[in-house]
Amino acid sequence: MEQIQTVTTATGESVVPGDEGKDKFKKCDQIAFYRRQKQLAGSVRYHALLDTLEVSETHAELQLQHTHTEAHLLLQVCGIKGGAIRVKINELQPIRARYEVPDVLIGEPVTQRLRAEPGGGDAVTLSAEECGFQVRVKGHPFLLEVECEGEVLVSVNAQGRLHFETLQTPPTQGVSSVDSDKVVLHTVDPSHDAVEHLSSKWLQGRIKGSYCICSQGCMFQIRNICMETNSHFILLFQGEDSQGLWKEEFKTFLDVKANGPSSVGLDFSLHGFEHVYGIPEHADTLRLKNTRAGEPYRLYNLDVFAYEIHSRLGLYGTVPLLLGHRLGRTVGIFWLNASETLLDIGNETETESSLQGPPQKKRREVPSTELHWMSESGVIDAFVLLGPSPLDVFKQFASLTVQWAEMPVRCSDMQAHCGAGFQALPPLFSLGYHQSRWNYEDEADVLAVDAGFDQRDIPYDVIWLDIEHTDGKRYFTWDSKRFPDPARLQRHLQRWSRRLVVISDPHIKVDPDYPVYRDASEQGCFVRDRAGRVFEGSCWPGPCSYLDFTSPLVRDWYSSQFALNKYKGSTDALFVWNDMNEPSVFDGPEQTMPKDAVHCGGWEHRELHNLYGFYQHWATMEGLIRRSKGTERPFVLTRSFFAGSQRFGAVWTGDNVASWDYLKISIPMLLTLSITGISFCGADVGGFFQDPEPELLVRWYQAGALQPFFRGHSAMQTKRREPWLFGDENTRAISDAIRERYRLLPYWYSLFHRAHCHAEPPIRPLWVEFPGEIQSFEMEDEYMIGNALLACPVTDSGVTEVNVLFPGSGEVSLGVQCRQFWYDIRTFRRFEGGTNTSVPVTLDSVPVFQRGGTIVPRKTKAGRSTACLSSIPFDLTVALDSEGCAEGELYVDDGHSFNYRTKQEFTLRRFTFRNKTLSCSCADEKGQFQCVCSVERVVFLGLEAKPSAVIVQQGSGVHEKKKTFRFEEETSMLTVENLKLKTVHSWELKIK
């Protein structure tokens, strides 16, 4: 049992889990299904029965047979339009349905009919002309190979690690002989000398691989059956359920497995790949490591306070998507399973033969990565994403979770590809700065903080309230003494269109007088324990029951709680934060819900654990949309997530610590989230726990301002850390970082439009933009913001210079190799790609560089909140490439409603600089939004010489007007101001 501590605050007591050290969480050798999968890896053999092959309009299927048990599995292969393959394996005839993950895939993916042809020898080849791939299935032993352009990219079961534990009936206890026809059982464990006599009648119907328990209480698995005269001889192994087949112990907790062993495992070989990424959430490097000498990567959502850095322990959320990248190709493996999952990664070297060249050069060594996926239950449902580019893989993954009922507006050429599986388009305010603390004490405290920002001219958009704002940790309530009129408080914040975010966790305080608990109890909304009683566990309020969000009826009920007439004191300026939704259970095994708890439909929690937070996030989003009658975009932050959570809102990296190491690790953590679909992500600025030194806080603000979700947050045990509490110099540096964030919001918002429509993550590793540069493959301390900005946050103390890798050592444009240029956005100094350069930094500077060939839109000033930006003009920074060209785009809508989708109220503008002419044109004729802001200023970087004149031509007429300009020879920078060029009109700016 975990120890429980009590923290006394000015507002009462909060129950918090005791931290007995990281031994509260399992190591891999304490996970029973992992031990079984590893013990049997490579020793289990399946054959593909090619004569059972059937091909339909949607898929091909055939049976797999276990060599020893003769158990039959059903293999299905689908070719998915857009460049993906689905490989699904289930029992041919299970004694009961196995859990298949719902709701992550909204409907079945669009498939193409496969054509089957003999593959030569003991094999068959499946192909689809439009998909551009072939799948070769070999029979003895079973092997599946995915081939593109004549090359085998991925092999499935090449290592023979397919292991599928078929469902069994519960074991028979204390069997004894009942007639003269005896069955003799022998064990292969020499320490167990029991010999049991069972009737052949009992044996009838049993199959190899099933389990039984002898009269001494020992568990056995039937491994072989053969006839000997008048009896059956059964070879068995290992007793006493040491394999954790039907029950499993961890510390004082007992996990009773009603359905017995049901784990699945399969290996994938990525040929030619040695760099792999993805599978959040772990506090680890961007490139995934070889696990053969240690723990596998664990994907199991857990509440891990002050998580250990460079650990493979699963944290708060899971996206079981792995990406492999090499020169010329990116692939992905999406393992769709919501139970506890572990992944072993091994690096190999293969010998590749070539038909060309002299004999000594016909063989070469190439790298390979071996993946061994293992899940506790469910089925094998895997998607091979074939790329070939990183952006192709992102789009293929997002398209798997498309929801046609919620099609967003997009560029006209994206009609067939965009949907709710892509990142939700966030309201503009949520991209501003968020100020949070556990906890702001009362209304006066909130008002004082709000006024503090205005007094110092620091922009912000949202202030947050943690659990102490409630009446005794009862969600959907307010502490009447501290927040006597919350609606009035929200109206005050709305003066500058600011918002309030409050917390809503999935646990509900056990209190019959609490209307939310009483209503949920009466309607059967809670998860139950294995005995059928309502499950109770400890969390912040003390004894709690947990809402069963897997039930559509419960999600609907929960969504209804956000209605303004139900949630007293709420207004349409209130938004929501889902915390503790792994779910966190302070007195549960590994501080989470027992796996034998029971959900809607009778499913054990073990089947769907990693989906729990996903479902609460979904229900909360639906509640906010319903509150506005479908007109306003919601904002919901969640700590726990799964694949597809990007449809619902934002994610943050949980309970980090105020140290330089945590600042440094936040970058690869956020990049990993971004490349696996979770684009709207961030880390607590300053660290949630402990007090940061001023320099660390400044550097963290600078880093946070360059990340998608930007929130300062801290625990109640820490000192207050509003931006103005650390001296004038530090306040100025923090303020500058926040203001620059607000000025850059037009670019950020345009990037989120691309994420929403094209699945392009706003922040991305260098190798995504520069897939042909090997030196970028392991780079994780600098990254790209879109395709235009290179960010290099300072993550070490006391540094005066930062070493920057400038990628682009040999980009090809129109078949010509070009030099890549980079421009410092503060000094305008130009750097060449393909170099490593030391760049000087001061406390108030952070290295950010604009890529030559891009155009970045900004606002001319920051304003008090994002609402102010609607009346502030734009400026454009045009950074020229080596050919003197550049391009970019700007997306604008009202920033808060769904009118961009329902009424096509948006504008998408394209900026192009060619032949010394900057043009503004419409990039999507469907857009109907009338943006009132004009382009006030344009800055050109990289001009070779001072121009003789700058001329503006608006519209289709011939009227031209000369503009004054300023040229700085030292930096080759041209500035043209006072332009007043309408954003929604076409115009040209010509340099003579």
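The model is predicted: local features need pLDDT of at least 70, side-chain atom pairs count only at pLDDT 80 or more, and totals for chains, interfaces and linings use all residues. Residues are numbered from 1 along each chain as its sequence is written, and side-chain values use heavy atoms, with hydrogens and water left out.

**Exercise 1.** Determine how strand β28 is covered and which strands pair with β28.

Solution. Strands (E, at least two residues) and helices (H or I, at least four) are DSSP runs numbered from the N terminus. Buried means under 20% relative accessible area, exposed over 50%, and partly exposed in between (1.4 Å probe, protein chains only). In β28 (residues 380-385), 6 of the 6 residues are buried, so the strand is largely enclosed by the rest of the structure. In a regular strand, side chains alternate between the two faces of the sheet. Here I380, A382 and V384 cover one side, and D381, F383 and L385 the other. Pairing requires at least two DSSP bridges between two strands. β28 pairs antiparallel with β6 (residues 84-91) over 6 bridges, and antiparallel with β25 (residues 329-335) over 4 bridges. F383 is the bridge partner of R86 and also of F334.

**Exercise 2.** Find what encloses helix α11.

Solution. Of the 11 residues in α11 (residues 694-704), 10 are buried, so the helix is largely enclosed by the rest of the structure. Among the buried ones are R699, W700 and Y701. The buried residues pack (contact: heavy atoms within 4.5 Å) against β29, α10, β39, α12 and β41.

**Exercise 3.** Decide whether Q930 is buried or exposed.

Solution. Q930 sits in the loop between β54 (917-922) and β55 (934-941). Its relative accessible area is 58%, so Q930 is exposed. V892 is 38 residues from Q930 in sequence and 9.1 Å away in space, C-alpha to C-alpha.
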